[in-house]
Amino acid sequence: MARLLVTGGASFIGSNFVHHVVAHTDHHVTVLDKLTYAGNRASLSGQPEPRVDFVHGDVADADLVDQLVESSDGVVHFAAESHNDNSLECPEPFVHSNVIGTFTLLEAVRRHGVRLHHVSTDEVYGDLALEDPGRFTECSPYNPSSPYSSTKAGSDLLVRAWARSFGVAATISNCSNNYGPYQHVEKFIPRQITNVLRGIRPKLYGEGRNVRDWIHADDHSSAVLQILEKGRVGETYLIGADGEKDNKTVIELILTMMGQDPAAYDHVPDRLGHDLRYAIDPTKLGDELGWRPRYRDFEHGLAATIEWYRDHEYWWAPAKDATEAFYARLGQ
Ligand code: NAD
Ligand code: TDX
């Protein structure tokens with residue numbers, strides 16, 4: 001049995017990963033999470049107590065991180081500010097958590113010789129043209145657009161430098177857009193589902209031709225666990241599940257699946273610098289580690305996600321009003 005430290009384990013994807021590790025391994029998990037507006041302890045409820053410990057703290061707190069890393073066999077790093085729209089309004093917490101937080105963790109794993117898996121995003125590569133047949137690969141050049149993606153790019157580059165110069169045993173993954181249970185209502189899919197549940201019209205940025213490459217959070221978790229267990233140290237792996245869809249298609253699908261008129265949504269002003277298209281080529285992960293996604297049918301996964309939000313209003317309702325007030329200030 002290994003002792004895993006999971007930073008940001010109360011997040012959407014981090015909590016999914018903790019559930020996945022508890023179900024599929026005998027590892028012990030210590031979660032380190034600051035419980036920002038995006039963190040939610042309720043996302044970890046139902047975990048058997050001896051398997052998961054929770055530490056409330058900041059990944060940029062060097063003393064705390066040193067102590068936790070020293071008593072771990074491996075670290076999986078999810079903690080981050082993750083929302084592009086917030087980063088355009090107020091970038092400072094992104095620099096703190098994503099850059100300083102990753103630096104702090106790297107110094108600790110370097111001191112204690114502990115393996116690190118760094119969880120990152122395909123947004124570090126910028127965007128692709130809508131008509132471009134290409135997809136991102138591990139060799140794509142870094143070209144981030146937003147304060148969020150630039151701080152994630154910065155954190156990836158720190159990990160690469162600490163691996164090369166100091167021999168830190170690190171891997172990196174860059175994944176596409178996740179969906180599934182426990183995602184904050186600020187994000188595209190849960191925002192529209194909970195809008196419909198509240199009788200608010202869904203909101204589409206601009207014309208909605210932007211393409212995202214959707215993957216279920218459970219598939220992201222299984223990929224991260226495989227990279228941690230079998231991935232080659234020093235390597236980057238892209239994670240994706242061939243899920244390209246434009247935003248207009250997704251919003252109309254949500255409305256239809258929820259029994260509404262598919263045209264009953266509003267066009268709102270576009271995001272600044274809005275990336276056009278993300279698309280992942282996951283060949284390396286499949287060929288080297290044999291990873292395959294389990295959720296191959298987006299509509300099936302979306303239907304289950306809609307049901308989850310219907311059944312878990314207690315989980316999302318406390319954040320809904322503040323989120324919509326934020327968007328109202330932006331006119332979105
Ligand atoms: P989220 O916004 O749901 O949660 C972020 C979590 O990090 C929260 O629990 C928050 O409390 C914690 N946190 C923030 N700053 C912290 C700090 N300084 N110290 C400790 N904890 C802190 O995030 P998410 O969408 O689940 O994303 C998790 C990770 O996965 C991020 O690193 C993100 O960049 C990456 N990622 C997300 C997606 C996606 O589609 N959401 C895709 C690819 C990669
Ligand atoms: O109300 C909305 N209407 C809308 O059209 C919202 C919230 C979003 N959008 C659009 C913007 C994007 O094209 O939907 C798309 C998805 O938006 P987000 O959910 O904000 O995700 P995105 O900006 O693509 O980034 C996500 O995927 C990569 C995560 O938030 C990042 O953390 C991850 O790195």
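Residues are numbered from 1 along each chain as its sequence is written, and chains are lettered from A and ligands numbered from 1 in the order in which they are written. In this predicted model local features need pLDDT of at least 70, side-chain atom pairs count only at pLDDT 80 or more, and totals for chains, interfaces and linings use all residues, while side-chain values use heavy atoms, with hydrogens and water left out.

Colleague: Which residues come nearest to ligand 1?

Modeller: A residue is near a molecule if one of its heavy atoms lies within 4 Å of it. There are 28 residues around ligand 1, and those that come nearest are Ile13, Asp33, Ser82, Tyr148 and Lys152.

Colleague: How far does a polar side-chain atom of aspartate 33 lie from an oxygen atom of ligand 1?

Modeller: Polar contacts here are pairs of N or O atoms within 3.5 Å. A backbone N or O atom of asparagine 178 lies 2.9 Å from an oxygen atom of ligand 1. For the polar side-chain atom of aspartate 33, the distance to a ligand 1 oxygen is 2.5 Å.

Colleague: Which element gives the largest share of the shell around ligand 1?

Modeller: Helices (H or I, at least four residues) and strands (E, at least two) are DSSP runs, numbered from the N terminus. The largest share, 3 residues, comes from strand 5.

Colleague: How much of the accessible area of ligand 2 does the protein cover?

Modeller: A polar side-chain atom of glutamate 123 lies 2.7 Å from an oxygen atom of ligand 2, and a backbone N or O atom of phenylalanine 188 lies 2.9 Å from one. Accessible areas come from the Shrake-Rupley method with a 1.4 Å probe. Of the 660 Å² that ligand 2 has on its own, the protein covers 95%.

Colleague: How many charged residues does the shell around ligand 2 have?

Modeller: Asp, Glu, Lys and Arg count as charged; Ala, Val, Leu, Ile, Met, Phe, Trp, Tyr, Cys and Pro as nonpolar; and the others, Gly among them, as polar. The shell has 6 nonpolar and 9 polar residues, and its charged residues number 7.

Colleague: Why is helix 6 described as roughly perpendicular to helix 11?

Modeller: Axes are lines fitted to C-alpha atoms, for helices over the stretch in contact (heavy atoms within 4.5 Å), and angles run from 0 to 180 degrees between N-to-C directions. Helix 6 (residues 188-198) and helix 11 (residues 313-330) pack with axes 11 Å apart, at an angle of about 100°. Angles of 65 to 115 degrees count as roughly perpendicular, so the relation of helix 6 to helix 11 is roughly perpendicular.

How values were computed. Parallel < 35°, antiparallel > 145°, perpendicular 65-115°, else oblique. Polar contact = N/O pair within 3.5 Å; in protein donor to acceptor, adjacent residues only side chain to side chain.
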